[in-house]
Amino acid sequence: MWPKEQLPVSKRPGEHTTGASPPHFLLVTLGSSSCPTCTGPSISASQRASTLADLALDKVFSSQQESKKIKGRSRLSMEGPASPARAPRALPYYVAFSQLLGLIVVAMTGAWLGMYRGGIAWESALQFNVHPLCMIIGLVFLQGDALLVYRVFRNEAKRTTKVLHGLLHVFAFVIALVGLVAVFEHHRKKGYADLYSLHSWCGILVFALFFAQWLVGFSFFLFPGASFSLRSRYRPQHVFFGAAIFLLSVATALLGLKEALLFELGTKYSMFEPEGVLANVLGLLLATFATVILYILTRADWKRPLQAEEQALSMDFKTLTEGDSPSSQ
């Protein structure tokens with residue numbers, strides 16, 4: 001036993017204080033060497049070494065158990081079903097408004113062609129009317145919807161979202177291709193010149209950029225050969241050119257609408273003809289549709305949140321490229 005006036009080993013002057021008294025068996029073990037005035041029993045050096053070794057093993061075992069618990073909790077958080085992130089309050093209203101505008105634009109285009117241009121047919125003089133309708137449906141409405149996929153489907157698997165994004169672009173491309181063939185066929189039958197107007201130049205440019213964007217996007221994000229680092233570096237360019245091509249598509253549609261009105265109405269266009277008024281309203285709706293889509297895309301707080309597997313990939317990529325560890329984030 002320690003004398004009443006004797007301080008414990010861990011609280012003697014000149015030694016580090018841990019804030020808690022050492023275990024009783026440690027005081028007894030170290031009694032003969034650490035406390036010269038101690039009256040307790042003395043033990044051999046081999047017993048003292050054995051006790052210290054047991055303490056070290058206990059400490060290592062405790063550290064290993066704690067490490068396993070932390071890893072288990074991390075694995076559960078990564079593999080377990082993540083709670084779906086709630087969509088921003090205003091986002092569904094803006095998306096619904098954009099869809100309403102898009103459907104009105106498509107319906108008004110069909111009404112304009114039916115009321116003032118005789119309707120739509122492939123094997124007649126009405127073949128040209130296939131062109132504006134297909135371009136509005138494909139390169140404006142469906143392309144805008146394809147851009148919104150990552151805002152609307154916020155909690156679905158990333159691959160499912162990518163496939164839907166790519167399929168909508170495929171549908172838009174096929175429909176636009178039908179419209180492009182229609183106008184060239186009409187010009188050939190009528191003997192008209194091709195590709196002389198600003199609208200036609202912009203249209204060919206938009207179509208070529210759209211096709212190139214889809215091919216590169218498929219190669220990087222759907223084809224399994226691209227590495228994660230390559231996708232991460234190309235993603236900002238893909239997002240930018242997607243929005244830019246959409247805006248160019250709307251601008252080209254407005255140029256074509258104005259060109260069609262001038263060819264058909266001529267000087268009557270300045271007299272507020274009903275067809276001209278209807279086409280002007282259609283142009284305003286096209287511009288509004290593009291503005292709403294662009295606004296949704298540029299809101300940073302409306303972007304699709306990263307899922308668990310995407311966060312893991314991002315952390316691993318940052319660790320490989322910058323030398324950081326996930327625990328430092």
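1. Basis. This is a predicted model in which local features need pLDDT of at least 70 and side-chain atom pairs count only at pLDDT 80 or more, while totals for chains, interfaces and linings use all residues. Residues are numbered from 1 along each chain as its sequence is written, and side-chain values use heavy atoms, with hydrogens and water left out.

2. Helices α5 and α8. Helix α5 (residues 130–152) packs against helix α8 (residues 228–265) at about 150 degrees, with the axes 10 Å apart. That angle makes α5 roughly antiparallel to α8 (over 145 degrees between N-to-C directions, on a scale from 0 to 180). Helices here are DSSP runs of H or I with at least four residues, numbered from the N terminus. The crossing of α5 and α8 is left-handed (the near helix is turned anticlockwise from the far one by less than a right angle).

3. The α5–α8 contact. On α5, the contact residues are I136, L139, V140, Q143, G144 and L147; on α8 they are G242, A243, I245, F246, S249, V250 and A253. Contact means heavy atoms within 4.5 Å. By class there are 9 nonpolar, 4 polar and no charged residues, with Gly counted as polar.

4. Helices α6 and α7. The axes of α6 (residues 158–190) and α7 (residues 198–222) come within 11 Å and cross at roughly 155 degrees. These helices are therefore roughly antiparallel to each other, and their crossing is left-handed. The α6 residues in contact include R159, K162, H169, F173 and F184, and those of α7 include F207, F210, F211 and W214. The contact of α6 with α7 has 15 nonpolar, 2 polar and 2 charged residues.

5. Annotated spans. An unreviewed UniProt entry assigns "transmembrane region" to residues 93–115, 135–153, 165–184, 204–226, 238–257 and 277–297; such annotations may be inferred rather than shown by experiment. In the model, residues 93–115 are 100% helix, with end C-alpha atoms 32 Å apart. Residues 238–257 are also 100% helix, with end C-alpha atoms 29 Å apart.

6. Backbone points to check. Most residues other than glycine have a negative phi. L195, in the loop between α6 and α7, has a positive phi near 55 degrees. L195 is partly exposed, with a relative accessible area of 41% (from 20% to 50%, 1.4 Å probe, protein chains only). F272, in the loop between α8 and α9 (274–298), has a positive phi near 60 degrees. F272 is exposed, with a relative accessible area of 70% (over 50%).

Definitions and conventions. Helix = DSSP H or I, 4+ residues; strand = E, 2+ residues; numbered from the N terminus. Parallel < 35°, antiparallel > 145°, perpendicular 65-115°, else oblique.
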